[in-house]
Amino acid sequence: MAKIDGMTHSSLIGRAAVTPRSVSPRVRRRSTAAVAVRATAVVETQVDEGTAEALATAALQQLGQTDSVQPKPASRRRTQQRYGRLGIYGFLLLSALFFAIPLYVMIITSMKGMPEIRLGQLFSLPGDPTFAAWIKAWSQACTGVTCEGIQAGFFNSIKITLPSVALSILIGSINGYALSFWRFRGANLLFGILVFGAFVPYQVVIYPMIIGFREVGLYGTLTSIILVHTMFGMPIMTLLFRNYFASLPSELFKAARIDGAGFWQIFLQIMLPLAVPIIIVAVILQTTNIWNDYLLGLIFAGSDNLPMTVQLNNIVTTTYGVREYNVNMAATMLTAAVPLAVYLLSGKYFVRGIASGAVKG
Amino acid sequence: MTHLSTAARADNPYSVAIRDLDLDFDGVRVLRSLNLNIHKGEFLVLLGSSGCGKSTLLNCIAGLLDITDGQILINDRDVTWEEPKDRDIAMVFQSYALYPQMTVEKNLSFALKVAGVNKEEIQRRVSKAAEMLHLTPLLQRKPAALSGGQRQRVAIGRALVRDVDVFLFDEPLSNLDAKLRTELRVEIKRLHQQLNNTMIYVTHDQIEALTLADRIAIMKEGVIQQLDTPQTIYNKPVNRFVAGFIGSPGMNFLQGQLQLQDSQPWFIADSALAGLSVPLTHYPFCADLTGSKAVELGVRPEHVVVGEAATALPVCQEVGVEIVEPMGSDTLAWTRLAGQAFSFRTDTELNLKPGDRLLIGFDPARASCFDARSGERI
Ligand SMILES: Nc1ncnc2c1ncn2[C@@H]1O[C@H](COP(=O)(O)OP(=O)(O)OP(=O)(O)O)[C@@H](O)[C@H]1O
Ligand SMILES: [Mg+2]
């Protein structure tokens, strides 16, 4: 990472353009890791997302790729490589375990009854597996004064996530398209400002935003939280789409202009259909990001629309009598289910998009 | 140009006229005060080395680049600030630029749909273009399922359906292999004869230029060096750049002095060893001569005569062969003339070997004489 320290801002962006791997879900929070080109950075960020499996396949694919480009090595080098490869496997296995073990503990705990949990045998399988804790977490656990479980939070999160994801991707793709094809005056400056936005820690702007929303009477509404997510998602979405569109041949755009298509026709009929791989990546990034958000939801959503993460926190921290670990675990699993499902269903596309699809059509 | 009637030209003088065109990229002038007039129905080839601004000029004509200064007229209409679609042009790109997600048919009809042409008319024009380019069996395929040559034909077809007056081609054949290139070259020529549109064609393949063009414009660093018929450019290049650029194998250049002896012009080669004096009595000078000056004498390898026949020419010398390059149809041999490297083309039958000695000669009237300093033709 020391290598990139001396670089200018714009060269960082340039770097990001050629290494789509660098576009990570954590860009906002871990900007340096995100832009780093090293494999370690990839490992780090992806492990953060708790998907050791996808990580392993990604890394292995990469391993395979670099392997196949190299010329036939001498036997000495081959043994060296083998050791190197063992090291990588070992490291990957450790990282995978690091995340798999807590997951395992969570799942088995959520399926135990409280007496069994009190025995303190963290790793033992449940003697009498039951889903009672899951049902309770979903529909009966107390999230403050009401005791209707986490389901309300689930639907709130859906209400927040769907429009936010759609809106931020729509705006990001239009921005990216306009910035990479319609080279208007000041486009580079605008892009610079937008990217700068991606690196501003959002805690800095929360207070002014609260005031702004209060002034227009939107504070604490569903609209405000959707707008907030859209705004915070815009820089990274713009970057993602701009780099993707910049990798398409510019002659395609020229041909469409000669054919008489205008701004929207080119966008909707030519460019958007070509952007499907990167749209999938964007959907995954944004869904995970927005679903996992806690702070913004807590601040902007208002008490009627608190997202699942906030409700989860309430369940875990509210105590009437005993602390029900199995319910807490089940509620956590339920909350994590959506990003996990998105990841499992589309992780293949994600890895593919990040590894190659982001640069080729 | 031969097939153009003078009457047609008088009615409608120029299909495309470019006046004092300047174009800057971030302060770097890529095209400078460029003037170019193209007749209706003419096939004009822009030829030049890489980076000289050919594509840039084409993009300016197409309206894909905002020009810095000057004027562009198409069919006597000032289109300098018009949108590409309003310029009555169509363009074919080097990388084909087909829309990957659309079938061939959709690719062909896209422009017409955008323009709001009715269904039957679209159908009619697409099938006509497809027929002309032998694309009918491929209409339902996606570009990914086509070969390079087929893709390029679709790209040409996409220009064809629009029924415009001016076609712009930006190196349309350079991604194809040699055989396909020859085939499509003929097809483009046939197309031009059928349609009789104005065509502006960028290439850096001089064979393409010489075979297709009515006129060739040779460009260097954003300036048109010479605009003329292929014959004239080949026989009477206006400067040393054009002379060296056109012709393969390249022209020989002999360094020397131009001198007047008994009011007759002579070329005296710079040489410490064997001298070479070339009488330029019959050379078509562009201007009157005054005194002596340093010049370069350009002689095309294919204008050199070998053997006994050479003795009849004003310049004739016995030389030793140094290197022989067989080129299939004939052979290129390298020797030294007045101590300077000199190549000539001979029959393969002659079976030359390095070390052979033979007579060579050339006619100075067919040579080209350039000022050594400015490079201009004298
Ligand atoms: N978008 C651009 N920004 C800055 N400079 C450019 C841009 N496009 C082209 N140039 C420069 O303009 C000059 C002319 O480029 P152009 O593409 O017209 O060359 P060309 O003659 O078509 O070359 P080739 O035969 O390689 O296609 C080159 O020096 C190139 O570097
Ligand atoms: Mg070019």
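**Close-up views of a predicted model**

**View 1. Strand β20 of chain B and its pairing partners.** Two bridges connect strand β15 (residues 305-306) of chain B with strand β20 (residues 357-362) of chain B, and the two strands run antiparallel. The model shown here, as in the other views, is predicted. Within β20(B), B:Ile360 is the bridge partner of B:Val306. Strand β16 (residues 315-320) of chain B also pairs with β20(B), in the antiparallel sense and over six bridges. In this pairing B:Gln317 has B:Ile360 of β20(B) as its bridge partner.

**View 2. The shell of residues around ligand 1.** The residues around ligand 1 come from chain B and run from B:Ser50 through B:Gly51, B:Cys52, B:Gly53, B:Lys54 and B:Ser55 to B:Thr56, together with B:Phe25, B:Val30, B:Glu171 and B:His204. Helix α2 (residues 54-62) of chain B makes the greatest contribution to this shell, with three residues. Sorted by class, the shell around ligand 1 holds three nonpolar, six polar and two charged residues.

**View 3. Polar contacts of ligand 1.** An N or O atom in the side chain of B:Lys54 is 2.7 Å from an oxygen atom of ligand 1. A backbone N or O atom of B:Gly51 lies 2.8 Å from an oxygen atom of the ligand. For B:Glu171, a polar side-chain atom is found 3.1 Å from an oxygen atom of ligand 1. On its own, ligand 1 has 630 Å² of accessible area, of which the protein covers 58%.

**View 4. An edge-to-face pair in chain A.** Over all chains, the count of aromatic pairs comes to 29. One of them is formed by A:Phe131 and A:Trp134, which are edge-to-face with 6.0 Å centre to centre and 65° between the planes. A:Phe131 is partly exposed, its relative accessible area being 48%.

View 5. Because A:Tyr177 belongs to helix α9 (residues 151-181) of chain A and A:Phe263 to helix α14 (residues 263-274) of chain A, the pair ties together parts that are 86 residues apart in sequence. A:Tyr177 is buried, at 0% relative accessible area, whereas A:Phe263 is partly exposed, at 26%. Both residues belong to a cluster linked by ring pairs, which also includes A:Phe181, A:Trp182, A:Phe241, A:Tyr244, A:Phe245, A:Phe253, A:Trp264 and A:Phe267.

Methods: Residues numbered from 1 in each chain as written. Chains lettered and ligands numbered in written order. Predicted model: local features only at pLDDT ≥ 70, side-chain atom pairs only at ≥ 80, totals over all residues. Heavy atoms only, no water. Near = heavy atom within 4 Å. Polar contact = N/O pair within 3.5 Å; in protein donor to acceptor, adjacent residues only side chain to side chain. Areas by Shrake-Rupley, 256 points an atom, 1.4 Å probe, with all protein chains shown as cover. Helix = DSSP H or I, 4+ residues; strand = E, 2+ residues; numbered from the N terminus. Nonpolar A, V, L, I, M, F, W, Y, C, P; charged D, E, K, R; others polar. Pairing = 2+ DSSP bridges. Phe/Tyr/Trp six-rings, centres within 6.5 Å; stacked < 30°, edge-to-face > 60°. Buried < 20%, exposed > 50% of the residue type's maximum accessible area, 1.4 Å probe, protein only.
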